[in-house]
Amino acid sequence: MKVLLHRIREKDLETVRDIYNYYILHSTAVYYTQPIRTEALRTFLPVGDPKYHSYLIQSPDEEVLGFCYYAPFKPKDAFRISVEFTLYLRPHLIGQGIGYQVMLLIEPVIYDMGFSNIVALISGDNEPSIRMFEKCGYQRCACIRQVAEKFGKKLDLVMYQKLLPAH
């Protein structure tokens with residue numbers, strides 16, 4: 001399935017929230033434990049930002065397949081060369097190569113915006129996400145053991161990163 005990326009606008013936030021809340025309620029991919037309101041998305045999802053972008057992932061017939069975004073890795077100035085990348089698909093679409101296609105589309109955008117380091121923070125038990133990032137050439141660079149607890153289970157947080165070519 002071919003995928004397209006369209007910048008997220010305010011009118012898309014309810015759709016994004018619904019996808020995100022699914023993962024909050026049914027998985028350990030997100031470390032929130034209660035559904036969030038649309039207003040909470042605005043605190044971490046860049047909408048209308050000139051440097052950091054969020055996208056709806058859509059099919060050619062405009063069906064929403066998921067969403068992704070890249071945002072500052074950390075708020076300190078020295079981290080300005082790095083972004084954190086996050087991607088969520090509708091659950092029934094996992095494992096169909098859509099995430100891989102998104103990565104092929106988004107990495108040149110991130111590079112063109114002047115960034116040289118992409119970081120992904122992934123729950124240690126999220127095997128599909130780990131496999132996708134590894135397939136895309138990301139390397140595991142850290143593991144914070146038992147840093148969270150959800151559904152009565154202690155969770156590791158693993159970091160993956162990809163260094164982009166020098167500008």
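This is a predicted model: local features need pLDDT of at least 70, side-chain atom pairs count only at pLDDT 80 or more; totals for chains, interfaces and linings use all residues.
A polar atom of the S27 side chain lies 2.8 Å from the backbone oxygen of Y23. When neighbours within four places in sequence are left aside, the contacts of S27 are Y22, K150 and F151.

Helix α1 comprises 14 residues, which at 1.5 Å a residue should span 20 Å; the C-alpha atoms at its ends are 20 Å apart, in agreement with that expectation. Its buried residues are L13, V16, R17, I19, Y20, N21, Y23 and I24. The elements covering these buried positions include α2, β2 (54-58), β3 (64-72), β4 (82-89) and β6 (139-150).

In soluble globular proteins, nonpolar side chains tend to be buried together. The largest nonpolar core of the model contains 29 residues, among which I57, Y70, F85 and I110 touch the most other members. At least two residues of this core are supplied by each of β2, β3, β4, α3 (98-112), β5 (117-123), α4 (127-135) and β7 (153-163). The greatest contribution comes from α3, with 5 residues. With residues up to four places away in sequence not counted, I110 touches Y70, V83, F85, F115, I118 and L164.

Definitions and conventions: Residues are numbered from 1 along each chain as its sequence is written. Side-chain values use heavy atoms; hydrogens and water are left out. A polar contact is a pair of N or O atoms within 3.5 Å; within protein, one must be able to donate a hydrogen and the other to accept it, and residues adjacent in sequence count only if both atoms are side-chain atoms. Contact means heavy atoms within 4.5 Å. Helices (H or I, at least four residues) and strands (E, at least two) are DSSP runs, numbered from the N terminus. The expected span of a helix is 1.5 Å times one less than its number of residues. Buried means under 20% relative accessible area, exposed over 50%, partly exposed in between (1.4 Å probe, protein chains only). A nonpolar core is a set of buried Ala, Val, Leu, Ile, Met, Phe, Trp, Tyr and Cys residues joined through side-chain atoms within 4.5 Å.
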